[in-house]
Amino acid sequence: MEALVMCLKAVTQRGDTVAIESPTYFGIFQVMETLGLKTIEIPTCSVTGLDIHYLSRAIKRFGIKACVFVPNFNNPLGSCMPDEKKKELVQLVTQYQIPLIEDDIYGELYFGKNRPKTCKSFDTEGWVLHCGSLSKSLAPGYRIGWCIPGRFTQRVKELKLMHTVSGTTLTQAAMAHFLSIGRYEYHLKNLRRALYTQCLRYTQAVIEYFPTDVRLSRPAGGFVLWVEMNKEVNAYKLYQEAMKYGISITPGQIFSASGNYGNCIRIGYGRAYDETIDYGLKLLGGLVKKQMKAKQGSERSFAG
Ligand SMILES: Cc1ncc(COP(=O)(O)O)c(C=O)c1O
């Protein structure tokens, strides 16, 4: 998060417009608000990610000053931009000289054979500011992240110095050791396998327990599922109901500043599948059905 803030500060001024994916991680909205930036939401497909043609039109129309995208397994869709599309995106931002802040926090959590490429790997002129972190792949509490800010490196270094001088050196040294002896790679192999299995188990349960008209994302990495339900379902109400049973989901509304995704929820599958999870998903599916029944009942009595 700090890397995103430093990079944004390095390339924007208050009042500027920044392109983001839609839906996108709610933390990004908080950052934008704090920095006094406006956002334009670019439609994003749950399989192939960002709509580049839309972005291209938005660049010409809205004078976009920067982009913040999560091309690999974005949160909440889990979508992954094909590498060819990343190349096209880098060409576009390079042509218009627009800094692209690439949040690659989920990049290591792939289910396929190889790690998906980064936009940074196609960047020849330094317009991509690549940000990474150990938060999703190892532990969020270590607070270790980094960035490779391309042509903005000097400015980002100055900002970092001004804000926090440096990161915590002891944890960094411990992590550097962990990485250098191959333990991180070993850990990642196990983690990817576990997440893939959990993704399948959770998906299966949602298909079994939720109404038949739900639409589900099919993530190829990361640890979140995006569930689109019937238009009658209010995700925020569902979240409140579920909390009464100790079930934590994220309502779709908070992934957009435009009030979209009111019938969607994000379900995290980071926890190993067990009886408690199974019971929770069954209960959640029941709550969705109950909402739909209540809605249909009230419509019938109104018509009657
Ligand atoms: C897309 C994305 N970027 C950034 C963050 C924040 O990461 P960190 O804990 O490393 O600051 C998150 C956390 O959920 C995230 O999903």
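Author: A polar contact is a pair of N or O atoms within 3.5 Å; within protein, one must be able to donate a hydrogen and the other to accept it, and residues adjacent in sequence count only if both atoms are side-chain atoms. The model is predicted, so local features need pLDDT of at least 70 and side-chain atom pairs pLDDT 80 or more, while totals for chains, interfaces and linings use all residues. Residues are numbered from 1 along each chain as its sequence is written, and side-chain values use heavy atoms, leaving out hydrogens and water.

Reader: How much of the ligand does the protein bury?

Author: A side-chain N or O atom of Ser133 stands 2.9 Å from a ligand oxygen, and one of Arg143 stands 2.8 Å from a ligand oxygen. Taken alone, the ligand exposes 400 Å² (Shrake-Rupley method, 1.4 Å probe), of which the protein buries 90%.

Reader: What is the bridge partner of Thr44 in E3?

Author: Strand E2, residues 38-45, runs antiparallel to E3, and two bridges join them. In E3, Thr44 is partnered by Leu50.

Reader: In the four-stranded sheet, what is the bridge partner of Glu228 in E11?

Author: The order of this open, antiparallel sheet is E8-E9-E11-E10. Strands E8 (215-216) and E10 (250-251) have a single partner each, so they stand at its edges. Five bridges join E9 (residues 224-228) to E11 (residues 264-268). The E11 partner of Glu228 is Cys264.

Reader: What is omega for the cis peptide bond from Asn75 to Pro76?

Author: Most peptide bonds are trans. A cis bond joins Ser22 and Pro23, with omega about 0°. Pro76 lies in the loop between strand E4 (66-69) and helix H4 (83-96) (a DSSP run of H or I, at least four residues). For the cis bond from Asn75 to Pro76, omega is near 25°.

Reader: What is phi of Phe73?

Author: Phe73 is placed in the loop between E4 and H4. Its phi is positive, although the residue is not glycine, with a value near 55°.

Note on methods:
Two strands pair if DSSP finds at least two bridges between them.
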